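Q: I have a structure open and have not looked at it before. Can you walk me through it?

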Amino acid sequence: MIAIIDYGVGNLFSLKSSLKAVGADAVVTNDPKIIRSAEKIILPGVGAFKDASDKLFNSGLAEIVTEEAKNGKPLLGICLGMQMLFEKSFEYGETKGLSLLKGEIRPISDVISHDLKIPHIGWNALKFNGERSPLFKYINEGDFVYFVHSFFAAGCEDSLIATAEYSCDITAAVGKNNIFGCQFHPEKSGSVGLNILRAFCEKGGI
Amino acid sequence: MTTKRIIPCLDVKNGRVVKGVNFEGLNDVSSPVELAKYYSDNGADELVFYDITASFEQRKLFSDILCEVASTIFIPLTVGGGINTVDDFDRVLKCGADKVSVNSGAIRNPNLVYEAAKLYGDQCVVLSVDVKRVDGVFRVFAKGGRENTGMEAIEWIKKCVGNGAGEIVVNSIDTDGVKKGFDLEMLDAVCNAVSVPVIASGGAGNKQHFTELFKTLPKVDAGLAASIFHFGEVDIIDLKKELNQNGICMRL
């Protein structure tokens, strides 16, 4: 069973439907017992980092997710959930994250060309970094995924598995040992996105 | 780079897609779920569902259908029609919509865009605006294009973007249904006024019109159409291949 962490940020309807579509047994939950008994964890999130961080830490869920991830349980963060895996964010002041991965969250306006639109919204192609991640078992380099974000993970070279070009290379996905994250929305990225979720969810895979 | 987007728009009334469609291999040509799946499997980058019903009961049916569509296809979904309050946003977002399009609702209640953007984020709020030239000035029309509000369109769009609209759908009443191409002059004026994504609507009659749109106005992010896709006059995969051959970045 896969636990989708429900900490009150964003709507989990599409994520839950997409996991069902790839045949995964997923439960949307904030129950520590269920999270601890799950085989894998997905940390979703849409919205502002500070609000999400407050909710995750104040509910005690941050502690449980961190503990389970450190014990080796596969964890996938999506969008803001991916950003939460890092040490800190500079969205409206400095806020701490889960510190499961090395790096920090910065505005894309720091790095992209000034004539580009913010948020980075729409379909963009994945460029793999280093060896092919097990998360990309069923997809190819150059496949398109759907992004909606204004902040990105910086200084995460040691976990970077894919980038997307938006006048410069922006972090698209990360993965290190049992911890993974997608800046894009696999649940909105058509068959490519479903194949990423399938690779994460399948037994004997990640 | 992000690709340009091709977006089919489906009008739904009493649980059925109106105007019908003309595709081979579809058992039920007016089933929103079957059509959404068809488009999702055949190159659409995003879908717009427009609720053209009025009664409470019909609205409930629309929500049920939306839930079914959102659990069947996994590309971005925008929902419009009958969005007058933040509760309307909540209702369609809970059914799996990613973005919500407001038109007359924003004209009646100028705080709606601001309130919704604060709650759900700018990326969630799409301003749809029906524009027509009156004595050489771009004016905003309400009630499906029947009533001149007297507002100057560019000022209205700028105001809504300032309030948090994250994307603009520009429907040119002047070119809509004429099938002689998008309203490039109007779209250029909008693109030069705002920095959020602009979606062109109204006037597409063939593939070349989309090439012309993206070549002439590189700032336009997406092209939206209904009947030319529904009646098979333009096949989305063919269209995207042709655009790609013309040097326009598409998701193939």
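A: What follows is a short walk through the two chains.

Q: What kind of model is this, and how is it numbered?
A: This is a predicted model, where local features need pLDDT of at least 70, side-chain atom pairs count only at pLDDT 80 or more, and totals for chains, interfaces and linings use all residues. Residues are numbered from 1 along each chain as its sequence is written, while chains are lettered from A and ligands numbered from 1 in the order in which they are written.

Q: Ok, chain A. How many helices and strands?
A: Chain A has six helices and 14 strands. Both are DSSP runs numbered from the N terminus: helices are H or I with at least four residues, strands are E with at least two.

Q: And how compact is chain A?
A: Its radius of gyration is 15 Å, close to the 17 Å that the globule rule gives for 206 residues, so chain A is as compact as a globular protein of that length. The radius is taken over C-alpha atoms, and the rule is 2.2 Å times the number of residues to the power 0.38. Along the principal axes, the C-alpha atoms of chain A fill a box of roughly 50 × 35 × 30 Å.

Q: How much of chain A is buried?
A: Buried residues are 54% of the 206. A residue is buried if 20 or more other C-beta atoms lie within 10 Å of its own, exposed if 12 or fewer, and partly exposed in between, with C-beta atoms placed from the backbone.

Q: Which residues of helix 6 in chain A are buried?
A: Among them are A:Gly190, A:Val192, A:Ile196 and A:Phe200. In total 10 of the 12 residues of helix 6 are buried, so this helix is largely enclosed by the rest of the structure.

Q: Switching to sheets. What is the strand order in the open sheet of chain A?
A: Four strands of chain A form it in the order 6-5-7-11, with mixed pairing. Two strands count as paired if DSSP finds at least two bridges between them. Strand 6 (95-96) and strand 11 (151-154) are the edges, each pairing on one side only.

Q: Parallel or antiparallel for strands 7 and 11 of chain A?
A: Antiparallel, over four bridges. A:Glu104 stands opposite A:Ala154 in strand 11 of chain A.

Q: Which peptide bond in chain A is cis?
A: The bond from A:Ile118 to A:Pro119 is cis, with omega near 0 degrees. A:Pro119 sits in the loop between strand 7 and strand 8 (120-125) of chain A.

Q: Now chain B. What does strand 1 of chain B pair with?
A: Strand 1 of chain B runs parallel to strand 11 (residues 222-225) of chain B, joined by four bridges. Four bridges also join it to strand 3 (residues 47-51) of chain B, again parallel. With strand 2 (residues 16-17) of chain B the pairing is antiparallel, over two bridges.

Q: Is strand 1 of chain B mostly covered or uncovered?
A: Mostly covered: eight of its nine residues are buried.
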